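The exercises below are to be worked with the sequence and the 3D structure open. Each task is followed by a solution in steps.

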Amino acid sequence: MSVTSTLDDATVAAASNGDAEALTVVYTVLAPKVLGYLRGRGAEDPEGLTNEVFLHVLRRLEGLVGGAAGLRTFVFSVAHARLVDDVRRRARRPAELPYEPELDDRHEPSAEHAAEHGLRSGHLVQALEQLNPDQRSVISLRVLGDLSIEQTAQVLGKSAGAVKQLQRRGLLTLRSLLDAGEVAL
C-alpha cells in the first residue's frame, strides 16, 4: 500500500489489519485535527492528550467497524473523553503558580509553523471561550475536528437536532462578537 493523504475505507481496513503505512496515514490525517480540537478546548497538554488518544485508538483498531467515518467518530469520542478526564483532573488540583517568563526557555514557533497549524495568537481560543461549553464542544468538533453533525452528536451523546441548534447558536454568538469587535480572528 502506498502512503496517501486521504483517509478512506480501504486505508482504515488496512490499518485495522496492522498495515504500518495505513497506520501512518490514519495518524497523519487525524492527529492534527485532534490536536486542534484539544487546543481549541483549552487542554492543558494537547500534544500529550493527542498521543494518549492515538495509543488508545491503535489498541482498539482491530475490531473497528464503520470504515473511515466510524474511525473518525471513534477517534473524536476518545479525544472528547480524554479532554473531560483532563478537565476533571485539573479541577481537583491545587491552584497553580503564576507564569514567570524569565524562567521559560521555550521559543516561539516560526510564523510559517503557526500559520500551518491554525494558531493565530490565541484568537481562536479566545473566541471559543465566549461560547457556553456545549456550543464550544460542537463548534470545535464540527470545525476543528471536521466531523459531520451525526458524528458530533454521537461523540457528545446528543441528538443531531440538538447539535444543529448548538452550532447555529454558537455561530450566531461568534458573529455578534465579531461584529461588536469583542473578538478579532
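Which residue forms a salt bridge with Asp-86, and how far apart are the closest N and O atoms? The model is a predicted one, in which local features need pLDDT of at least 70 and side-chain atom pairs count only at pLDDT 80 or more, while totals for chains, interfaces and linings use all residues. Residues are numbered from 1 along each chain as its sequence is written, and side-chain values use heavy atoms, with hydrogens and water left out.

**Exercise 1. Salt bridges around Asp-86**

Task: identify the partners of Asp-86 and describe their setting.

Solution. 
1. The criterion is a side-chain nitrogen of Lys or Arg within 4 Å of a carboxyl oxygen of Asp or Glu. Under that rule the count is 7 salt bridges.
2. Arg-90 is a partner of Asp-86, with 3.1 Å between the closest N and O atoms. Both residues lie in helix H4, 4 residues apart, about one turn of the helix. Helices are DSSP runs of H or I with at least four residues, numbered from the N terminus.
3. Arg-89 also meets Asp-86 in a salt bridge, at 2.2 Å from N to O. These two residues are 3 residues apart in H4, again about one turn of the helix.
4. For accessibility, buried means under 20% relative accessible area, exposed over 50%, and partly exposed in between (1.4 Å probe, protein chains only). Asp-86 is buried at 2%, whereas Arg-89 is partly exposed at 34% and Arg-90 is partly exposed at 26%.
5. Glu-44 joins Asp-86, Arg-89 and Arg-90 in a network of salt bridges.

**Exercise 2. A buried arginine without a salt bridge**

Task: state which side chain of opposite charge is nearest to Arg-72, and list the contacts of Arg-72.

Solution. 
1. Arg-72 lies in helix H4. Arg-72 is buried but has no salt bridge.
2. For charge, Lys and Arg count as positive and Asp and Glu as negative; His and the chain ends are not counted. The nearest side chain of opposite charge is Asp-146, 4.2 Å away.
3. Contact means heavy atoms within 4.5 Å. Leaving aside neighbours within four places in sequence, Arg-72 is in contact with Leu-30, Lys-33, Gly-145, Asp-146, Leu-147 and Gln-151.
4. Asp-146 sits in the loop between helix H7 (133–144) and helix H8 (149–156). Its relative accessibility is 44%, so Asp-146 counts as partly exposed. Asp-146 has a positive phi of about 55°, although it is not a glycine.

**Exercise 3. Aromatic pairs**

Solution. 
1. Rings of Phe, Tyr and Trp (its six-membered ring) pair if their centres lie within 6.5 Å; planes under 30 degrees apart are stacked, over 60 edge-to-face, and the rest tilted.
2. Tyr-27 and Phe-54 are edge-to-face, with 5.0 Å centre to centre and 75° between the planes. The pair links distant parts of the chain, 27 residues apart: Tyr-27 in helix H2 (residues 20–40) and Phe-54 in helix H3 (residues 46–60). Tyr-27 is partly exposed at 40%; Phe-54 is buried at 4%.
3. Tyr-37 and Phe-76 are also edge-to-face, at 6.0 Å centre to centre and 80° between the planes. Tyr-37 is in H2 and Phe-76 in H4 (residues 67–92), so this pair ties together parts 39 residues apart in sequence. Both Tyr-37 and Phe-76 are buried.
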